[in-house]
Amino acid sequence: MGLEENPKLPKSVLRHLEPNERVLFSIRKKISLEKPKWLLVTDRRIIYLDEKVFGRYDLKALPYQKLEQVTVKLGVMSSEFIIQGEEEITLKLGWMNKEEARKAINAIKDALNAIAVEPVSIEVNKRFTSETWVLKKPKEFITRTMPAYQPAQAPVQVEKEDPMEQLKKLKELLDMGVISQEEYEEKRKKLLEKI
């Protein structure tokens, strides 16, 4: 039952990271004989990975724009880490100890504060034998960064001038003395090739 912070990430996570997405915090937990479970906090989202045998895995990613609330219930013997998002997305992680859960919720708060215009707050209720931390995203969540996906813009159409018009302008430049006879002949030949 070991805890490793910021260990080498598995290929299954690396395959799902977006270009330039940075992992800010990660926890890897191995429970008895099972394959490891991961919680990763990136600069764009929260990722949960449950590795299985034979290369199988379950991966759930929740972008900060869809995050609604993170609740951590710390008891004497165990903790419960609940991440709630829009569209009834809920991740429940019961395998973190108190210190891991505190570090994870603070990492999420720091990641949100790095991109949110208004600071995110945490509510803490401490009792004799338990502690509850609740992080709620503000209703109007405006970020400083650009969205991960931007639709391609239509290419700008540049209208090319008619070669005959260009020849007329070229002749005017020669008559005004702006270009020499040699320059005129050279550019004239190139324009005539386009006709």
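User: In which loop is Asp 43 found?

Analyst: This is a predicted model, in which local features need pLDDT of at least 70, side-chain atom pairs count only at pLDDT 80 or more, and totals for chains, interfaces and linings use all residues. Residues are numbered from 1 along each chain as its sequence is written, and side-chain values use heavy atoms, with hydrogens and water left out. Strands (E, at least two residues) and helices (H or I, at least four) are DSSP runs numbered from the N terminus. Asp 43 occupies the loop between strand E3 (37–42) and strand E4 (45–51).

User: Is Asp 43 buried or exposed?

Analyst: Buried means under 20% relative accessible area, exposed over 50%, and partly exposed in between (1.4 Å probe, protein chains only). Asp 43 is buried because its relative accessible area is 18%.

User: Which residues touch the most other members of the largest nonpolar core?

Analyst: In soluble globular proteins, nonpolar side chains tend to be buried together. A nonpolar core is a set of buried Ala, Val, Leu, Ile, Met, Phe, Trp, Tyr and Cys residues joined through side-chain atoms within 4.5 Å. Here the largest core has 30 residues, and Leu 39, Leu 67, Phe 81, Ile 83, Met 96 and Ile 108 touch the most other members. Helix H2 (98–115) is among the elements that each supply at least two residues; its share, eight residues, is the largest. A second, separate core of seven residues includes Leu 9 and Leu 17.

User: Where does Met 164 lie, and how accessible is Met 164?

Analyst: Met 164 belongs to helix H3 (residues 163–176). Its relative accessibility is 45%, so Met 164 counts as partly exposed.
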